Amino acid sequence: MVFDHDGCVVAMDQRPHEQIYPAPGWVEHDPVEIWERCREVIAGALGAGGIPPGDLAAVGLANQRETVVVWDRATGAPLRNAIVWQDTRTREICAGLAAGDPAGIDRFRPATGLPIATYFSGPKLRWLLDDLGARGPASRGEVLFGTIDSWLIWNLTGGAGGGIHVTDVTNASRTQLMDLSSLTWDPSLLELLAIPAGMLPEIRSSSEVYGRATGGLAGVPVAAALGDQQAALFGQTCFREGEAKNTYGTGCFLLANTGERRVDSSSGLITTVGYRIGEEAAIYCLEGSVAMAGAVVQWLRDNLGIIASSDEVEGLAAAVPDNGGAYFVPAFSGLFAPYWRSDARGVIAGLTRYVNRGHLARAALEATAFQTREVVDAMQADVGRPLAELRVDGGMVVNALLMQFQADLLGVPVVRPAVSETTALGAAFAAGLAVGFWGSLDELRGCWREDRRWEPRMAGAERERLMRSWKKAVARSLDWVD
């Protein structure tokens, strides 16, 4: 996506890449395909806009955060498919790490802000090193590790011909290998997980010039990297303490700015780095992560055939007045915040002969709103103050039925920006800030514009009745026994 100085979209291109499911609970991507698609969409967007690469002030990246890639430094070839954030193959590794300390899954929270979970990169990297037997070459820096930002920056800046091996603080904070206070790799965690330091990228800020691109963007400064959810926070200009956004994509991710103050959650949330601009102090966030949001709609389409395309779900859900008593807990990869239960399983509860495909579609949409409400409740408990409004973005925010239900369930306004693809906008903002294209955070705030606002209109008693029923369904999910 190409943006102008007003934060408006000038040109864009997008292409899908394959989702690979080799075994139950396993999710992979082909890193080479991702890099190829990136080159294609760069050329496509520049071509669509008639934009010479030299007209670009800078390029920034937003990426899926916990997805792991390992590759050969000399050849640039990945040694395996990337293991995706949703993948649960590291359950045994995580269980062993949790069992090794009285704190259980919170063993690493003091250092990393994260519970032990299959979600994060460190256990995935350990699994890959075990499987590949590559610790020797990795310790010599012959095998490199990175999340998708590192992989793309390395390729953008020359790859095997001299690519820059870096990551930013937001992505590093999701590996479960970085000390959240010092913003450096933690030697004790690396030793515990048997990960050689020589394969790790250098940790840099989110907004600075890492180097210059080669190839189709030759000479353009590569000047920002943010994990996708932090990029959305930046694109939503949630720069003040207490401001929050929720991204409705494959999963659902709610981040609240806590400023330079690191808030350690006692309510099942995670503490993460929100962003860091140059040499300034890092800004922290509380985050609640929901594994399945838009992916549930894809499941209705691809696995059940209830809809032919994702955009049909709103009309089908709107054909019924409510969920008919059905509640859908989409714990396909376990439940993330605030439960952190990888053993949870998906359930549809409350079924009667009355329930039809419209009720199931509505229950699938409502599941995203219910899970978001649980995250907001936990966040308010941690910070001790209510949410004033929720800024929303991502592919699902075009669904007005879902957005109204979300406002009703939260009891606060839900606000959609004019540019809904705020992950890309946030990466552009951070890159432009690094090279002086924009001069300040206040200038960036002036580029943010509201598109639509949903006000809550549900009675409080009804809101809480629905939440009680939802929690009954969650209890069924948590009671599942393999």
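Is helix 12 mostly covered or mostly exposed, and how many of its 27 residues are buried? Helix 12 is mostly covered, since the count of buried residues is 22 of 27, where buried means under 20% relative accessible area, exposed over 50%, and partly exposed in between, computed with a 1.4 Å probe on protein chains only.

The model is predicted, with residues numbered from 1 along each chain as its sequence is written, and its local features need pLDDT of at least 70. Side-chain atom pairs count only at pLDDT 80 or more, while totals for chains, interfaces and linings use all residues, and side-chain values use heavy atoms, leaving out hydrogens and water.

View 1. Helix 12 covers residues 357–383 and reaches 40 Å from its first C-alpha to its last, close to the expected 39 Å, a span defined as 1.5 Å times one less than the number of residues. Helices (H or I, at least four residues) and strands (E, at least two) are DSSP runs, numbered from the N terminus. At glutamate 366 helix 12 bends by about 25°, the bend being the angle between axes fitted to the seven residues ending there and the seven starting there. Asparagine 356 caps the N-terminal end, with a side-chain oxygen 2.8 Å from the backbone nitrogen of glycine 358, and helix 12 is followed by glycine 384, whose phi is positive, near 75°.

View 2. The strands form a mixed sheet in the order 4-13-12, where two strands pair if DSSP finds at least two bridges between them. Strand 4 (59–63) and strand 12 (207–212) each have a single partner strand, so one side of each is left without a neighbour in the sheet. Strand 4 runs parallel to strand 13 (residues 221–227), joined to it by five bridges, and leucine 61 stands opposite alanine 225 in strand 13.

**View 3. The surroundings of serine 173.** Serine 173 lies in the loop between helix 7 (169–172) and strand 9 (178–179), and this serine is buried, with a relative accessible area of 2%. A polar atom of the serine 173 side chain lies 2.7 Å from the backbone oxygen of threonine 170. The side chain of serine 173 also makes a polar contact with that of threonine 272, at 2.9 Å; a polar contact is a pair of N or O atoms within 3.5 Å, and within protein one must be able to donate a hydrogen and the other to accept it, while residues adjacent in sequence count only if both atoms are side-chain atoms.
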